Amino acid sequence: MPKATSGSGSGARSALRRNQACRSCRKRKLKCDAARPHCGTCVKYWQSLISVPAPVGYAHPAEPQCVYDPMDGLTLSPETDPIEKIRLLEEEVSKLKIQLQEQNIPAHSPDPLMSRRHSYGLCTPGSTATSSGSDSQLPVPGSKLSTSNPGYALSLNHLNLRQGGPGINMQYTALNDVHSELIHTGWNTDLPEPHVLDHYIETFFRCDPCGPRILHRPSFLSAMCLHPRDPAFPHSAILHAICACASRWSSRNVAMQPDGTRKDEFAEYHATKTRKYIDRTMATGEDIFQVVQACVILSWYFYQEGRWVEAWVFAGFQTRVAIPLRLNYPGTFCAHGGALTAGYLPPPRDFRDLEIRRRTWWMSIVFDRIVAAGGWAHSIDERDIGTELPLRGEDFDAEHLIPNNPQDMRTEDFFTTHLPKYTDSFLLFIKAIMMFGRVIDYNVRSKLRTSTPPKKHQDPFASPGFRELDSVVHRKFLENLPHSHRFNIGVTDVAANGPLVDTDLYMVHVIPYAASITLHNSYLDLNDVQRLSTSRCIEAAQAILSAYYMLSATSLDTTRLHPFITICWYLAAVVQVQVCKHFIETGDQVREAQVWGEINVLRQAMLNYGSRSPIGTRQEGLLRGLMKEIVRLSSQKQPLEVGLPLYPFSHSTVFADPTLPYCDAPVAPLPNPSVPEHYEATFYGSTVGVEPADQLPLPSVYVGTSTIAGNLQADDPLQSGDFLAWDKNSSR
C-alpha cells in the first residue's frame, strides 16, 4: 500500500524539520509532535513518572522535561528564559570540552584542576591564606565577567590600566582565559574566583563571631580543594552565605545611605543567591541540611544588617525546618514512629557529622532567642529541646572521640553546673542566651495571662517563679562560673600581638545584666530607692557601662563583638534615660549632665559598631526616638553632645564643652548626701584612683555579685544588694 503524502487528509501534518523535535524525544529516539510548551510524548512520560511515589532522597520534576532548540522562524516557548538557555548551552559546551581534555590527558599527568587551584591561590589544609594589599584590590570579588553582577564588575580603574596602553588587550585576554578555565573545571560562575573566594572564607572564619560555629573548619578547607563537581565539595548556598557575611570585614561596592547605614552590593548579591537556593530546596528537598546551614549563616547576616523582618522570618523558618530533620532530638536523630513521623535525615555518619548537626541546631536556637529580645514568643519551647549541648570547640576541631555532653535543657541546675570537660566560652554563651530566653518567656507568658500591663507599684517577687528566676539571673549564674571564666571578662593583653578579646566570654559577663534589666524594667521606680527592681536595673546598667569602659580603654575593635552587644547597650541606655528624666524632674543639673554623658557613651558605642554593622546605627536611632522627651525637658544646651569619656574616669572627653560643670564621679545613680574624699575602684585587678570634686555629692553605688559592676575596696566585706554611703570624715 503506498504511503500517504504529506498533504493527504485534513488531519495530516507536514514532517518535522531537522532538530525541530524536542531534545528528550531526539535523545530517546521517540516520535515527537513538537507541541509547545511540552510535546505529547514528554507529557505522557512525565504523567507516568509522577504516578509512582518518589524514592527517598529523590523528588519528581515539577513539569515535563521538554526543551526545544531555538530555530530560525520559530520562537521559544513563553516559559523559556533566553539567558537560562544560553547558560544551558554553555554548560553543554563545557562538558564536551572536559570530555575532550580527559581523552587527550595521559593517565600519569597531574590533575589539571589541582594545578589550577594552586595557581588561583586556594589554601590547602594547614596552610595560611594571605590577604595582602594587592589582593584586597582585586577587581573580581564576584563571579561573572558581566556588569549584571555588581560584585564582579570590572573597570579600568580597578585594573590599573591606562587608556591605549599596549598591555590592555593582553590583560583582557588573560581575564577571559581565566573565566573560560573556571567554566571548563565546573566552577559555579556565580561565585567569586577561587582565590577571591578563599580570601572571603578565611576572613569569615577569622572575623565573624556567629556563623563559623556550625562549620568544621579543617574539613571545610580540605573540601574546598576538591573538584567542584565532587559530592563533598561545599554547597554553593553555604559559599554564597559566607561571602555575604565576610563582606562586612572585606567590603567592596559599599555605599552610605542618607540614614547613615551602609549598603553593600556585593553582600546583597550573594545574599540573594543564597535565598534562591533556599527557595529551590524548600520546593524539592534536595541538600536540605546544607541549605539549612546556609540559612543559619544568612540569618546572622540579616541580624547584623538590622533587617528585623527578615531576621524574624528566618528565625521561625529555620527552627521549624530543623524539627522535621529531628535535630531537636538527642543525637539529632529519632528512630521512633513510622514512616510519617521518622526523621527526614539519616543517622549521623560519624562524630564530625553529629557535632555539626548539634551546633547547627543550637545556633538556630540561639538566634531564635536573640531576635525575640523585643518580647516575642519563641519559635520552639525549651521543653521541646532534647538535643544535648555541643562539645568544646577544641574537641570539635581536633575531632576528639569523647562521649556526648551529658547536659541538656532538662538537666537540673543547667545554669549553675558547668562540667570542666564540657565547658568553654561558647557553651557558657549558649547557657547565657538560654537564660535570657527564659526571661523573655516569663515576661511574654505573664502578659498573656493578665489583661492589664504590670504597674511599678506591684511587687514582682510575689509572682510565681519570679524570685527563682531573679536569683539565677542576678546571682547564681555569675557566681557559679568556673574560676577561669568568672574572673576573666575575656580581655587579655598579649605583648606580642596586642590585646585580644574572647567575644563569647565577654558576652557571658554582659548578658545576665541585660536579662536583669529585661526582667525588672517594668517595675523600675526611681522615686523608691529601696525598691529591689530599681537597684537591679541601676546595677545592671552600670555593669554594662563598666564592661564597655574596659574595652574602650584598649585598642580593641569593638565592631568585632557579637551583634547582640548592641541590644545590651540599648537596654542599659533605656535605664539611663529614665534616670536622666528623674534628675531633670528633681532639678539636679549636675547629675543630669553626668547621666547625659553616660547615655552618649552608649550612643557612641552603637554608632561605632554601626560603622561596620548597621544594627548599631538602627539601635541608636531607636534610642534617639526614646530620648525625645528628655531632650525637650533637659536644661543642657546641647544634651546630645555632653562630653564622652575616652576611658573610665578619664578627664578627657570626645565632645568637650567648657561651659558644662565637670563631674569626676564614676557613676550617676540616685542622690546621696554623703560625700567621700577619696576612694578606689577596682576592675579585675587594675586599680584606678579617683579624686572627686569636693563640692559634688557622691552618688550611692550598688554592689553586685560580678566584678564588672565594680568591686569597691572596703575594710568590711560588702554584701550583694547593699547601697554604699560614705562619711565625709572617713577615707572609705
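## Briefing on a predicted model

Glu-399 counts as partly exposed, since its relative accessibility is 30%, a value between the 20% and 50% cut-offs. The model described here is predicted. Its mean pLDDT is 75, and 70% of the residues reach 70 or more.

**Confidence**

- Residues 1–12 have a pLDDT below 50, and this stretch makes two contacts in the model beyond near neighbours in sequence.
- Residues 645–732 also have a pLDDT below 50, but 188 contacts beyond near neighbours in sequence are found for this stretch.

**Backbone geometry in loops**

- Most residues other than glycine have a negative phi, and most peptide bonds are trans.
- Glu-399 has a phi near 55 degrees, which is positive although the residue is not a glycine.
- Glu-399 sits in the loop that runs between α15 (393–398) and α16 (425–449).
- Lys-29, another residue that is not a glycine, has a positive phi of about 60 degrees.
- The loop between α1 and α2 holds Lys-29, and this lysine counts as exposed because its relative accessibility is 73%, over the 50% cut-off.
- Pro-37 is found in the loop between α1 (23–28) and α2 (40–50).
- The peptide bond between Arg-36 and Pro-37 is cis, with an omega of about 0 degrees.

- Thr-281 belongs to helix α11, which covers residues 265–284.
- With a relative accessibility of 6%, Thr-281 counts as buried, because the cut-off for buried is under 20%.
- A polar atom of the Thr-281 side chain lies 3.3 Å from the backbone oxygen of Glu-286.
- When neighbours within four places in sequence are left aside, Thr-281 contacts Glu-286, Asp-287, Ile-288 and Val-291.

**Nonpolar cores**

- In soluble globular proteins, nonpolar side chains tend to be buried together.
- The largest nonpolar core has 147 residues, and Tyr-506, Phe-564 and Trp-569 touch the most other members.
- Helix α21 (residues 565–586) gives the most to this core, supplying 15 residues.
- Not counting residues up to four places away in sequence, Trp-569 touches Ile-544, Tyr-548, Leu-561, Leu-602, Ala-605, Met-606 and Tyr-609.

**Helix α19**

- Of the 18 residues of α19, 18 are buried, and the helix is mostly covered.
- Asp-502 caps the N-terminal end of α19, with a side-chain oxygen 3.2 Å from the backbone nitrogen of Asp-504.

**Helix α22**

- Helix α22 takes in 22 residues (589–610), which at 1.5 Å a residue should span 32 Å; its end C-alpha atoms are 31 Å apart, which agrees.
- Because 17 of the 22 residues of α22 are buried, this helix is largely enclosed by the rest of the structure.

Terms used:
Residues numbered from 1 in each chain as written. Predicted model: local features only at pLDDT ≥ 70, side-chain atom pairs only at ≥ 80, totals over all residues. Heavy atoms only, no water. Helix = DSSP H or I, 4+ residues; strand = E, 2+ residues; numbered from the N terminus. Buried < 20%, exposed > 50% of the residue type's maximum accessible area, 1.4 Å probe, protein only. Polar contact = N/O pair within 3.5 Å; in protein donor to acceptor, adjacent residues only side chain to side chain. Contact = heavy atoms within 4.5 Å. pLDDT = per-residue confidence, 0-100. Core = buried A, V, L, I, M, F, W, Y, C linked by side-chain atoms within 4.5 Å. Expected span 1.5 Å × (residues − 1).
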